Amino acid sequence: MQTLSELLRSQARHFRHKTYLVCEDKSWTYGEYFSQVEKLAQVLVEHGVSKGQPVCLYLPSRPELAFAYHACQLIGAIATPMSSMYRSAELNKIVARTGASVLVTDTERAPLVRAVQAGLVTLQHLLVFGGDDQTAPLEDLLLRTVPHLPEDTVGPEDVAALFFT
């Protein structure tokens, strides 16, 4: 049985130059997409995320959500996507229940996270696509990141995602 991380690696090798994802006027080949996923996975590791740990993904349905979700899969972290419509009560509940130490969001949602962050005792790192007044854009960090991840640390029985409805 092949895990999602194994499938991603395999597809990136075999279809490196074929289009994988298109969003509005931007597209990524399998190789470009996997490169972003690897870099984001490395950033997560550098922020203390390891196999079996939840990472909250407070993002709209955009390519950044896919990058973050697959980055979690690559390192065996538990991707925890949260509706971009959630507000402070839901954020508090989910971060508290998961014990996540890292939350990935975007510029639009960062102020809400910052407003409740003091009460989220486990949340240590906020990674912001597009940046905000307290954090440089995550994209800048990805440009400087060189991934050096071990291959295939994830097994088919490992928890991959946690969804709240």
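The model is predicted, with local features needing pLDDT of at least 70, side-chain atom pairs counting only at pLDDT 80 or more, and totals for chains, interfaces and linings using all residues. Residues are numbered from 1 along each chain as its sequence is written, and side-chain values use heavy atoms, with hydrogens and water left out.

Student: How many aromatic pairs does a search of the whole structure find?
Tutor: Rings of Phe, Tyr and Trp (its six-membered ring) pair if their centres lie within 6.5 Å; planes under 30 degrees apart are stacked, over 60 edge-to-face, and the rest tilted. Searched over the whole structure, the number of aromatic pairs is five.

Student: Are the rings of Phe-15 and Tyr-30 stacked, edge-to-face or tilted?
Tutor: Their centres are 5.7 Å apart. Their planes stand at 45 degrees, so the pair is tilted.

Student: Which parts hold Phe-15 and Tyr-30, and how many residues apart in sequence are they?
Tutor: Helices (H or I, at least four residues) and strands (E, at least two) are DSSP runs, numbered from the N terminus. Phe-15 lies in the loop between helix H1 (4-14) and strand S1 (19-23), while Tyr-30 belongs to helix H2 (residues 30-46). The pair therefore ties together parts whose separation in sequence is 15 residues.

Student: Is Tyr-33 buried or exposed?
Tutor: Buried means under 20% relative accessible area, exposed over 50%, and partly exposed in between (1.4 Å probe, protein chains only). The relative accessibility of Tyr-33 is 2%, so Tyr-33 counts as buried.

Student: Is Phe-15 buried, partly exposed or exposed?
Tutor: Phe-15 has a relative accessible area of 32%. That value makes Phe-15 partly exposed.

Student: How are H1 and H2 oriented to each other, roughly parallel, roughly antiparallel, roughly perpendicular or oblique?
Tutor: Axes are lines fitted to C-alpha atoms, for helices over the stretch in contact, and angles run from 0 to 180 degrees between N-to-C directions. H1 and H2 pack at about 140 degrees, with axes 8 Å apart. Angles under 35 degrees count as roughly parallel, over 145 as roughly antiparallel, 65 to 115 as roughly perpendicular and the rest as oblique. H1 and H2 are therefore oblique.

Student: Which residues of H2 make the contact with H1?
Tutor: Contact means heavy atoms within 4.5 Å. From H1, the contact takes Leu-8, Arg-9, Gln-11 and Ala-12. From H2, the contact takes Tyr-30, Tyr-33 and Phe-34.

Student: What covers the buried residues of H1?
Tutor: The buried residues in H1 are Ser-5, Leu-8, Arg-9, Ser-10 and Ala-12. Their cover includes S1, H2 and H3.
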